[in-house]
Amino acid sequence: MDKLLISGGVPLNGEVRISGAKNAALPLMCAALLTKDPLTLSNAPNLRDISTMLTLLGKMGVAISRAERSVISLDARRLDNPEAPYELVRTMRASILVLGPLVARMGYARVSLPGGCAIGQRPVDLHIKGLQAMGATISVEHGYITVRAERLRGAHLRPGLVTVTGTENLMMAACLAEGITTIENAAREPEVVDLAACLNAMGARIGGAGTGVMTIEGVTALHGATHQIMPDRIETGTFLAAAAATGGEVRLVNTDGALIESVIAKLTQAGAKISCRGTTINLSMSGRPKAVSFETAPFPEFPTDMQAQLMTLDCIADGTGVITETIFENRFMHALELRRLGADIHIAGNAATIRGVAKLSGATVMATDLRASASLVIAGLVADGDTLIDRIYHLDRGYDALESKLGALGARVRRVQ
Ligand code: UD1
């Protein structure tokens, strides 16, 4: 199994190009299921989750072509197997995103239940309730959800929690439903807005994306389109956090500071100097960071997917930071590993209190989920000596060419067997 070996202590310096967003690409790929025409997506990141989704769509009968690595064309004309098997859903929860499009276009879908996950229970009840309200018949048997509907009907939906993939699933289903669907308490994440823009380019009639109330007027068919995937705001934030923690100076290109204002605000409070212009973000940092406190919450508040990375910054900061995780229970597993590197972290319920220490010291640690892995990489970059991170397949799910991008910024990072 691959591991990452990091020799810490080098400030990151230079320019890095941010890839397309994983969490936008996955739902966009599923949108291809809604039409008989090809959908072409550019700026696709090179990630394991993207390959998993391609495998899943391929099994369903979607024809896939890649003119180049970052351009994916999907043609779902001959969709003959509307099923998502356990083996694939198990490795990638976002497979649930095929549910809405399949039932809307084919009147039938069978998708494995995602099951437990390292960062909490993460049920899909809100996806199911929404489809039921739109007239679908649902049964759960043998670990699979089976959904049937002649044609979905527009409905008034109000999920009890803000759910990102839930909003995306229901929005895609509503595009081909009869009548108007409203989604209250809709997720406002930029990835939802990107998906809505692509669906509208395919002939959908979606209003209110990016606000808490979306309206979708159903149409009988969608057509093909070409769409550029938005930049990855979490990759962006991760590189900014890494540069700030190491006291470096970096320039991020092909991204957008407006996507992560809450993260930029915290890094600025920690002492980083950040300026955004067009598709570029510059960061420079000198001296020890100041501790920051924050609470994760749905967009536009601080993203849970950046919680672990900022925790590492607090580990070496001057002062004490308190981080409260409100989205996922059990999302502090990185704290245990950070402690192995000498961090002083105390967890009580969903709050972590981090007392900054002057130095972390390299050790062997284990990656437990995608963003937890990123926090360990940042810790390795600042720690004294060598840090060996085990189970980095988590990183390969969501960070495009991480070690070569870090290497180009001067970090001493190597993949070892
Ligand atoms: C998406 C992101 C993930 C991010 C998360 C929160 C993708 C592919 N993944 O995950 O990176 O960490 O948003 O920003 O975009 N919930 C229920 N029932 C449901 C659905 C959700 O109780 O049917 C709960 C979840 O357990 C969680 C909260 O709602 O506590 C928010 O989860 P949700 O927004 O759905 O996360 P994902 O869409 O899975």
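The largest share of the shell around the ligand comes from helix H5, with 3 residues. Before I go on, this is a predicted model, in which local features need pLDDT of at least 70 and side-chain atom pairs count only at pLDDT 80 or more, while totals for chains, interfaces and linings use all residues. Residues are numbered from 1 along each chain as its sequence is written, and side-chain values use heavy atoms, with hydrogens and water left out.

Back to the ligand. There are 19 residues around it, and Leu126, Thr163, Thr165, Asp305 and Ile327 come nearest; a residue is near a molecule if one of its heavy atoms lies within 4 Å of it. The shell divides into 9 nonpolar, 5 polar and 5 charged residues. In that count Ala, Val, Leu, Ile, Met, Phe, Trp, Tyr, Cys and Pro are nonpolar, Asp, Glu, Lys and Arg are charged, and the others, Gly among them, are polar.

Next, polar contacts, meaning pairs of N or O atoms within 3.5 Å. Thr165 has a polar side-chain atom 2.6 Å from a ligand oxygen. For Asp125, an N or O atom of the side chain is 2.7 Å from a nitrogen atom of the ligand. Arg93 places a polar side-chain atom 3.3 Å from an oxygen atom of the ligand. On its own the ligand has 740 Å² of accessible area, and the protein covers 88% of that, by the Shrake-Rupley method with a 1.4 Å probe. Two or more shell residues come from each of helix H5 (125-133) and helix H6 (164-175). Helices here are DSSP runs of H or I, at least four residues, and strands are runs of E, at least two, numbered from the N terminus.

What is the lining of the largest cavity by class? It has 8 nonpolar residues, 1 polar and no charged. Helix H12 gives the largest share, 4 residues.

Last, the sheet. It is open, with 4 strands in the order E18-E19-E21-E20 and mixed pairing; two strands pair if DSSP finds at least two bridges between them. Strands E18 (294-295) and E20 (344-348) are the edges. E19 and E21 pair antiparallel over 5 bridges, and Thr320 has Arg355 in E21 as its bridge partner.

Key. Polar contact = N/O pair within 3.5 Å; in protein donor to acceptor, adjacent residues only side chain to side chain.
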